[in-house]
Amino acid sequence: MGFGDLKTSAGLKVLNEFLADKSYIEGYVPSQADIAVFDALSGAPSADLCHALRWYNHIKSYHKEKGSLPGVKKPLSQYGPAGVEDTTAAAPAAADEDDDDIDLFGSDEEEDEETKKIKEERLAAYNAKKLQIACVVEDDKVGTDQLEELITAFEDYVQSMDVAAFNKI
């Protein structure tokens, strides 16, 4: 299963034939499958590959919404017609070996003293911030002065109160 290498004319030809009677890679609406195949292309297919070019331009129009399209993005080899040898499987395997050296989250590294100090300062500053509550007050029923009095009555918990934004209904 797969299209082969979509950066070659042979892979694009397989994609064009696959899309001859389909609007999308999977299903009847644009999905993450379409995004996965779209991202594998190096550019727009040539005009002689009319089905692939039609599909490319259509999926390109979903550029801003591509993260919200339904489905789960699978490896490129999971899409396409059966019986086509997938030549893209060898390339990701080599890329995965290189990715083992990169630790994106820094979980294996020891924290030095300066990093710990900065982290503690930021945590202390975060904990010192006041609590913010948003509410909508209908002025005819409850006045803002009455609301402020009720909130500051909790002297053990409330140090002060400020109105950050005011909308009158």
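Which residues of H2 are buried? The points below take up this question and the surroundings of that helix.

1. The coordinates are those of a predicted model, in which local features need pLDDT of at least 70 and side-chain atom pairs count only at pLDDT 80 or more, while totals for chains, interfaces and linings use all residues. Residues are numbered from 1 along each chain as its sequence is written, and side-chain values use heavy atoms, with hydrogens and water left out.

2. The secondary structure comes to 6 helices and 0 strands, where helices (H or I, at least four residues) and strands (E, at least two) are DSSP runs numbered from the N terminus. Of the 169 residues of the protein, 22% count as buried, buried being under 20% relative accessible area, exposed over 50% and partly exposed in between, with a 1.4 Å probe and protein chains only. Among contacts (heavy atoms within 4.5 Å) between residues at least 6 apart in sequence, 67% join residues at least 24 apart.

3. To return to the opening question, the buried residues of H2 are Gln 32, Ala 33, Asp 34, Ile 35, Ala 36, Val 37, Phe 38 and Ala 40. The helix is thus mostly covered, with 8 of its 9 residues buried, and what covers these buried residues includes H1 and H3.

4. Gln 32, found in helix H2, is buried with a relative accessible area of 9%. Leaving aside residues up to four places away in sequence, Gln 32 touches Lys 66, Gly 67, Leu 69, Pro 70, Gly 71, Val 72, Lys 73 and Tyr 79.

5. In helix H3 (residues 50-60), the residues Ala 52, Trp 55, Tyr 56 and Ile 59 are buried. They lie on the same side of H3 because they cover an arc of only 105° around the axis, the arc being that of the directions from the helix axis to the C-beta atoms. The buried residues of H3 pack against helix H1 (9-18) and helix H2 (32-40).

6. Not counting residues up to four places away in sequence, the contacts of Ile 25 include Phe 3, Leu 15, Val 37 and Trp 55.

7. A search of the whole structure finds 3 aromatic pairs, a pair being rings of Phe, Tyr and Trp (its six-membered ring) with centres within 6.5 Å, counted as stacked if the planes are under 30 degrees apart, edge-to-face if over 60 and tilted for the rest. Phe 3 and Phe 18 form an edge-to-face pair, at 5.3 Å centre to centre and 80° between the planes. Phe 3 lies in the segment before H1 and Phe 18 in helix H1, so the pair ties together parts that are 15 residues apart in sequence. Both Phe 3 and Phe 18 are buried. Phe 38, Trp 55 and Tyr 56 form one aromatic cluster.

8. The charged end of Lys 22 sits over the ring of Phe 18, 4.6 Å from its centre, under the criterion that NZ of Lys or CZ of Arg is within 6 Å of the ring centre and within 35 degrees of the ring normal.

9. The structure holds 0 disulfides, taken as pairs of cysteine sulfur atoms within 2.5 Å. Cys 50 counts as partly exposed at 43% relative accessibility, and Cys 135 as exposed at 52%.
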